[in-house]
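Hi there,

Here is the structure I promised to pass on. Have a look at it first, and then read on for what turned up.

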Amino acid sequence: QVQLVESGGGLVQPGGSLRLSCGASGSTLSLYTMGWYRQAPGKQREWVAHITSGGNTLYADSVKGRFTISRDNAKNTMYLQMNSLKPEDTAVYYCRSSWRQYEYWGQGTQVTVSS
């Protein structure tokens with residue numbers, strides 16, 4: 001079993017920055033594909049970015065050029081650096097880990113972008 005815990009969310013002004021972290025327990029992350037998802041109130045959960053065990057990254061068009069996903073296997077942690085934040089980025093952000101047919105989700109961390 002893998003347990004994921006997100007942290008780093010909060011309230012920021014438009015144009016500001018925030019860095020989210022996802023820490024794992026129960027297993028190392030070295031062989032897992034990791035990703036970030038978000039869900040705004042009244043909307044479906046959407047994919048934001050992912051990073052493979054080999055370090056390859058992909059981003060949703062809505063965040064490309066503004067967000068950066070990374071991982072530190074030694075610390076068993078994944079990060080999402082969020083720059084140039086917009087009000088439409090407001091959502092609960094979730095961490096996801098997958099390996100073969102298995103997938104694990106964190107509880108989420110709230111990000112609010114407002115003046």
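The model is predicted, so local features need pLDDT of at least 70 and side-chain atom pairs count only at pLDDT 80 or more, while totals for chains, interfaces and linings use all residues. Residues are numbered from 1 along each chain as its sequence is written, and side-chain values use heavy atoms, with hydrogens and water left out.

Val2 itself lies in the segment before β1 (3–7). Helices (H or I, at least four residues) and strands (E, at least two) are DSSP runs, numbered from the N terminus. Val2 is buried, with a relative accessible area of 8%; buried means under 20% relative accessible area, exposed over 50%, and partly exposed in between (1.4 Å probe, protein chains only). Between Val2 and Leu20 there are 18 residues in sequence and 19 Å in space, C-alpha to C-alpha.

Strand β1 belongs to an open sheet of four strands in the order β1-β3-β8-β7, with antiparallel pairing; two strands pair if DSSP finds at least two bridges between them. At the edges stand β1 and β7 (67–72), each with a single partner strand, so one side of each has no neighbour in the sheet. From one strand to the next the twist averages 15°, using axes that are lines fitted to C-alpha atoms (for helices over the stretch in contact) and angles that run from 0 to 180 degrees between N-to-C directions.

You can walk across the sheet pair by pair:

- β1 and β3 are joined in the antiparallel sense over five bridges. Gln3 stands opposite Ser25 in β3, and Leu4 has Ala24 as its bridge partner there.
- β3 and β8 pair over six bridges, again antiparallel. Here Leu18 has Met82 of β8 as its bridge partner.
- β7 and β8 are also antiparallel, over six bridges, and Phe67 stands opposite Met82 in β8. These two strands form a hairpin with four residues between them, and Asn76 in the turn has a positive phi of about 55°.

**The disulfide**

There is one disulfide by the rule used, which asks for a pair of cysteine sulfur atoms within 2.5 Å. It joins Cys22 to Cys95, with S to S at 1.9 Å. Cys22 lies in strand β3 (residues 18–25) and Cys95 in strand β9 (residues 91–99), so the pair ties together parts that are 73 residues apart in sequence. The link of Cys22 and Cys95 is left-handed, with -75° about the S-S bond. Cys22 is buried at 0% relative accessibility, and Cys95 is buried with a relative accessible area of 0%.

Ser97 is also in strand β9 and counts as buried, at 0% relative accessibility. Not counting residues up to four places away in sequence, Ser97 has several contacts, among them Leu4, Tyr32, Tyr102 and Tyr104.

**The aromatic rings**

A pair of aromatic rings is described by the distance of the centres and the angle of the planes. Rings of Phe, Tyr and Trp (its six-membered ring) pair if their centres lie within 6.5 Å; planes under 30 degrees apart count as stacked, over 60 as edge-to-face and the rest as tilted. The count comes to four aromatic pairs. Trp99 and Tyr102 are stacked, because their ring centres are 6.1 Å apart and their planes are at 10°. Trp99 is partly exposed at 33% relative accessible area, and Tyr102 is partly exposed at 40%. Ring pairs link Tyr32, Trp99, Tyr102 and Tyr104 into a cluster.

Finally, Arg45 lies over the face of Tyr94, at 3.8 Å from the ring centre. The charged end of Arg45 also sits over the ring of Trp105, 4.8 Å from its centre. A charge sits over a ring if NZ of Lys or CZ of Arg is within 6 Å of the ring centre and within 35 degrees of the ring normal.

Best wishes

Key: Contact = heavy atoms within 4.5 Å.
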